[in-house]
Amino acid sequence: MIRQIKILTKAQLCNFLNINIFRYTKDKKKKRNVVSVGTGWLMLIAMLCFYVGAFSYGYHKIGMGQVIPMYLIMISGILILFFGIFKAGSVIFQQNFYEILCSLPVSQTAIVISRFLSMYLGNVILSLAVMLPGIAVYGCFYHPGIGFYIVGILGTLFIPLLPMTVATLFGALITGISARMKHKSLVATTLSLLLVIGIMVFSQMLPGVEKTITEEMLANFSEVLSNMIAKIYPPALWLGNAMTEGNILQGILYFGVSIVVFAVMVVLVAGHFHSICQSLFSTSAKHNYRMKAMKTDTALMALYRKEVKRYFASTIYTVNTIIGPIMMVLLAMGILITGVDKIESALPLQGGITGLVPFVLAATACIMTTTATSVSMEGKQWWILQSLPVEPKTVFDSKILLNLTIIAPFYVVAEGLIIVALKPALPDLLWLLLLPIVFILFACVFGITVNLHLPVLQWDNEVTIVKQSASAMIGGLGGCLVIILCAVPVVFVTGLAEEIVKLVIAVIIIGITIVLYKKNAKMDLAKIE
């Protein structure tokens with residue numbers, strides 16, 4: 001069975017990392033795509049390491065260095081849980097691979113273990129990217145013994161086990177609840193969104209978890225934070241104390257609980273793998289089809305309706321791209337509840353926050369646009385669009401229209417909340433309404449542009465496209481980055497100069513959008529492979 005696990009794990013990793021494409025393809029464009037994806041991931045990991053290092057140094061400077069290890073352990077667990085919920089069900093219970101593997105003389109235990117291993121290796125990289133910079137900063141300023149590093153490295157390798165277990169439970173639960181329902185994709189998407197929103201709201205409530213903070217505890221905020229971590233995620237406290245205080249018992253407790261809980265999960269899933277997959281993937285038909293009158297529509301509307309159906313048929317696609325608009329509404333709600341005066345006192349900007357709010361709203365709405373992966377999501381069905389007697393412009397317009405349809409209701413709600421909160425003057429009101437629209441249009445067109453140059457049409461799992469492709473990273477996050485860069489000059493000017501800067505930015509972005517839109521319209525669909 002060990003040999004089977006090794007082969008299956010290697011196959012999944014090769015598929016995940018596109019190793020075989022890079023090694024054996026003669027298409028230089030495909031090789032460049034693989035290199036660009038790898039480079040993008042390395043850049044993201046480097047940025048994460050830098051951020052964690054700076055964050056840890058900041059904690060040291062304010063006298064809270066002792067909580068760095070346990071705090072980063074908790075953050076690692078939350079990140080793995082957050083991202084794992086989206087993909088655990090689709091990775092562990094992959095329908096396509098299940099249909100292939102169930103016909104082979106392969107142990108179902110080997111299948112389950114190999115899939116958990118492939119998830120585990122990816123999560124270990126995330127854990128190391130978070131923990132190693134913090135361990136380095138802690139070691140540099142506090143000079144712990146060799147035991148700190150040994151326990152820290154070993155503990156980091158075990159961090160993914162508990163979050164993966166919880167994520168698998170939630171993923172299987174969501175998939176199981178929605179599997180037998182008529183609109184199962186919509187139900188699964190709704191449950192996933194409710195869970196994600198719950199996590200986001202809970203994270204915003206963390207400062208209020210401790211209700212009995214006394215003046216003596218405020219004098220030592222490290223103790224307050226440690227108590228908070230102990231209530232939220234006790235394993236982080238166990239491993240943190242094992243690292244910083246050499247507490248052997250808590251270290252044994254951490255490793256023991258992690259191993260036992262994860263092992264129980266693997267055994268349960270392996271023992272019922274076939275029955276779970278059969279119950280999830282089996283369907284029944286009522287045979288009550290009735291012929292109705294045929295309807296006709298324009299090519300644009302027909303393609304748009306196809307995009308809508310395709311969008312809501314994929315839970316991972318929907319959840320991953322709708323988080324940004326939801327965050328936009330939650331941000332606007334937070335500003336309304338907190339109050340502008342409190343926010344401006346915490347962020348002493350020259351012209352207040354009114355000038356930056358349009359950029360912030362646009363950046364959150366464009367965190368991950370649907371257009372950045374809409375071409376790749378066609379997959380092996382791309383040939384259908386290539387064979388249709390429609391202009392490329394019509395195809396791309398339908399994909400942009402889908403993205404605007406998704407963002408529009410959230411934009412309206414967020415703008416209403418912000419207007420009530422800020423009570424802006426007429427010029428500020430105009431910028432508040434227009435700038436997000438300009439940036440949202442740019443992000444949609446930019447996403448299409450990137451995906452046309454970095455398409456991935458050969459894939460087996462939607463997770464590969466939505467969360468791991470170069471187009472998702474560059475097209476989905478690039479628009480957000482451009483908006484953030486455009487907001488920087490506004491911080492340093494006020495009055496008439498601020499209005500001029502905003503006007504210049506809007507004109508430039510509109511010009512770039514028009515150029516990219518016209519360039520996309522001239523693309524030959526037959527040459528996109």
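A residue is called buried when its relative accessible area is under 20%, exposed when that area is over 50%, and partly exposed in between, with a 1.4 Å probe and protein chains only. The model in these close-up views is predicted, so local features need pLDDT of at least 70 and side-chain atom pairs count only at pLDDT 80 or more, while totals for chains, interfaces and linings use all residues. Residues are numbered from 1 along each chain as its sequence is written, and side-chain values use heavy atoms, with hydrogens and water left out.

**View 1. Lys393 and Asp397 pair within helix H21**. Their side chains meet in a salt bridge with an N to O distance of 3.0 Å, and the residues are four apart, about one turn of the helix. Lys393 counts as partly exposed at 39% relative accessibility, whereas Asp397 is buried at 15%.

**View 2. Glu378 forms a salt bridge with Lys399**. The closest N and O atoms of this pair are 2.8 Å apart. Glu378 lies in the loop between helix H19 (371-374) and helix H20 (382-387), and Lys399 lies in helix H21 (residues 392-422), so the pair ties together parts that are 21 residues apart in sequence. Glu378 is buried with a relative accessible area of 11%, and Lys399 is buried at 0%. Both belong to a network of salt bridges that also links Lys306 and Glu307, and a search of the whole structure finds six salt bridges.

**View 3. Seven residues make a nonpolar surface patch of about 590 Å²: Leu132, Ile146, Tyr149, Ile150, Ile153, Leu154 and Leu157**. Patches are made of residues with over 30% relative accessible area and no salt bridge, nonpolar side chains (Val, Leu, Ile, Met, Phe, Trp, Tyr) being joined within 5 Å and like charges within 9 Å. Helix H7 (residues 146-158) gives the largest share of the patch, six residues. Ile153 lies in this helix and is partly exposed, with a relative accessible area of 36%.

How values were computed: Accessible areas come from the Shrake-Rupley method with a 1.4 Å probe; for residues, only the protein chains shown count as cover. A salt bridge is a side-chain nitrogen of Lys or Arg within 4 Å of a carboxyl oxygen of Asp or Glu. Helices (H or I, at least four residues) and strands (E, at least two) are DSSP runs, numbered from the N terminus.
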